[in-house]
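Please look through the strands, the helices and the contact between the chains before reading on. The report below takes these topics in turn.

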Amino acid sequence: MPDRDPGLRFRRLLAMVTWLAARENAKLSEIAEQFAMTEEDVERDLMLVSMCGLPPYSPDQLIDVLIIDDVVEARIPEYFHRPRQLTANDALSLLTAGRTQLAVPGADQSGPLARALDKLSDALGGASGGVAVELDAPLLLDDVQRAADRVEQIEITHYSAARDAISTRTVDPISVFNDAGHWYLEAFCHQADKVLTFRVDRIERVTPTGKAPARPKKSQQKGHVQPAPGADTDTVTITVGPHGRWVTENYPVEQLDELKSGKLRITLTVSGEAFLDRLLLRLGPDVVVNRPAAKKDALAQAAKRILARYSE
Amino acid sequence: MDKVERLTNIVALLLTTTRPLTLDEIADEVGGYPEKGESRRAAFERDKKTLRAEGVPLEVVAQSDGGSAYRIDPNAYYLPPLDLTDDERVALNLAVAGVNMDGDTGRDALYKLGEGATDGPRLAALPTDDGLIDLFDAWRRRARAFFSYRGERRELHVWGVAFRNGRWYVSGHDAGKQHERLFRVDRIDNGEVAVGEDGTATPTPAGFDLAGVLPGRQFNMYPQDDLEEVLVDVDAGWARGAINDLGEEFVTERRDDGSIRVRLHITSRDGFRSWLYGYLDHAVVVSPPEVVADYVAHLKELAGA
């Protein structure tokens with residue numbers, strides 16, 4: 001499928017030309033892989049390149065591209081040799097990607113990536129400031145990462161904040177990744193008989209079982225970790241005074257109505273009862289659960305359970 | 001004529017021209033435009049828009065006859081030489097493959113550097129906020145950023161943007177307050193940031209430690225005057241989570257059953273209660289009596305007693 005967006009095609013074309021300028025020749029398949037295009041699209045774009053150049057667009061002024069036996073030979077004019085300046089968006093995503101990688105506990109702070117980022121930062125805005133990224137460093141991250149790297153089965157003791165329960169599970173690690181600042185272990189759980197995601201900072205203990213994992217799995221992790229509506233999630237509607245606005249800034253809210261009284265009516269998906277309990281406790285005495293009816297007393301119940309600890 | 005072909009030719013022409021060229025000169029050389037008049041101008045305007053959206057710095061030079069001429073300043077078009085070594089290139093490539101910012105994969109940025117992009121294991125996904133790119137752009141251009149924060153107009157000399165604990169912050173010198181300030185980017189009103197003129201902001205101070213100005217976590221309360229020292233018992237099983245939240249240095253006692261006692265210095269009882277609620281009925285504040293009484297009184301109110 002040819003890309004319809006001319007801006008995107010133009011961007012890729014200039015990039016391809018600069019990439020080719022740094023090489024004497026390249027295979028069509030190699031270019032296709034580098035630029036995530038089909039070989040047909042690469043060939044089509046290269047034909048277009050060969051019609052570009054400077055006035056009067058005579059053969060000596062056109063960009064010289066030859067495709068022989070799936071090998072591309074191109075003589076790129078000087079003015080397309082050097083990389084283009086980055087847009088703010090480009091520069092931000094590059095620096096952020098690099099700084100994130102460097103924020104991983106144990107990353108080499110003076111290695112090639114650190115040097116590349118210093119050069120990039122220098123070329124953009126100056127040596128100091130710019131972009132900084134900090135990630136959590138939970139105690140057992142190393143153990144979990146090692147098990148994932150070596151594909152070793154482990155037993156973990158894990159606290160689920162959503163269910164407010166501690167459980168011990170046998171898992172086959174698939175990947176370890178960070179989402180929005182928190183570390184997660186994606187693993188096949190033998191007790192649940194499916195792939196689950198565990199917060200690494202809620203893992204209490206990691207013990208290798210010495211057994212090989214059942215079978216290797218491919219990571220299914222693509223977007224952000226978000227509670228999918230299902231068995232463990234609930235859609236609730238609450239009404240709270242204006243002080244509760246932080247909820248809308250911290251959680252994905254499905255609907256927000258600002259009532260005439262100044263109060264907020266918020267509908268959001270919560271994963272697990274414990275999540276809702278914490279939310280209600282923090283919102284305080286004036287919060288009302290409108291829906292579902294079964295959760296109307298959730299706040300009072302949660303408060304009473306905690307109070308029981310103080311009457312012992 | 002293919003639009004992409006025309007755009008490429010315009011870039012080549014305006015990069016190499018020795019003097020700014022008028023619309024008619026460009027159209028006559030490059031071709032593919034309608035005959036003179038309004039439709040030619042409209043077609044050129046569309047091309048200009050695409051070029052600018054793609055980051056091509058098209059300059060307009062006013063002519064003595066009142067018309068406009070165009071050129072591309074090579075200094076603005078090209079990235080200053082980075083001189084990356086091969087291992088630096090590979091490292092940057094891997095980082096981009098592993099990190100995703102709300103769908104933006106950084107691939108386009110690598111393409112511009114004249115790199116292809118390879119696939120790699122996914123490492124991290126970071127959210128973005130409206131206004132973040134503009135704030136970063138202000139740092140890069142040494143321009144001031146203007147925005148409204150909780151209803152108050154701000155003028156900021158941007159020193160950098162920083163991510164911690166799931167949020168983006170912007171740091172800089174607040175011209176109105178005459179002081180260094182930190183803002184949460186997601187709290188900027190409507191996510192609207194205006195970027196002022198290039199080069200008019202005070203540069204980031206040399207040696208400025210961007211990560212160092214980030215706030216502690218909400219429960220990591222900073223030492224200040226008016227501190228209250230509180231002791232909290234955390235049940236076994238929840239102890240590891242508490243240590244990850246706070247840090248080992250807060251633990252004062254470990255018991256055989258796996259439970260722990262932590263010591264915190266709090267500046268705000270509201271903030272402390274909010275933190276402790278996170279543990280539901282698996283943690284108990286044991287001292288001082290005033291803080292215990294305050295916590296219990298709030299719980300009684302919530303319980304509807």
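## The sheet of chain A

A:N25 stands opposite A:E73, a residue of β3(A), and the two strands concerned, β1(A) and β3 (residues 71-75) of chain A, run antiparallel and are joined by three bridges. Strands here are DSSP runs of E with at least two residues, helices are runs of H or I with at least four residues, and both are numbered from the N terminus; two strands count as paired if DSSP finds at least two bridges between them.

These strands belong to an open, antiparallel sheet of three strands, which in chain A follow the order β1-β3-β2. Its edge strands, each pairing on one side only, are β1 (25-27) and β2 (64-68) of chain A, and the twist from one strand to the next averages 20°.

The model is a predicted one, in which local features need pLDDT of at least 70 and side-chain atom pairs count only at pLDDT 80 or more, whereas totals for chains, interfaces and linings use all residues. Residues are numbered from 1 along each chain as its sequence is written, while chains are lettered from A and ligands numbered from 1 in the order in which they are written.

## The sheet and helices of chain B

In chain B, four strands form an open sheet with antiparallel pairing, in the order β12-β13-β11-β14. The edge strands, which pair on one side only, are β12 (251-254) and β14 (283-287) of chain B. Strand β11 (residues 228-234) of chain B runs antiparallel to β14(B) and is joined to it by four bridges, and B:V232 has B:V285 in β14(B) as its bridge partner.

Helix α10 (residues 289-302) of chain B packs on this sheet, where it touches β11 and β14 of chain B, and its direction makes about 140° with that of β14(B). Angles run from 0 to 180 degrees between N-to-C directions, with axes fitted as lines to C-alpha atoms, for helices over the stretch in contact. Helix α9 (residues 269-277) of chain B lies across β11, β13 (260-266) and β14 of chain B, at about 150° to β13(B).

## Between the chains

The contact involves 91 residues of chain A and 93 residues of chain B, where two residues are in contact if their C-beta atoms, placed from the backbone, lie within 7 Å. On the side of chain B that touches chain A, helix α1 (residues 3-16) of chain B supplies the largest share, 10 residues.

Strand β4 (residues 130-134) of chain A also pairs with strand β7 (residues 152-164) of chain B, in the parallel sense and over five bridges; there, A:V133 stands opposite B:F163 of β7(B).
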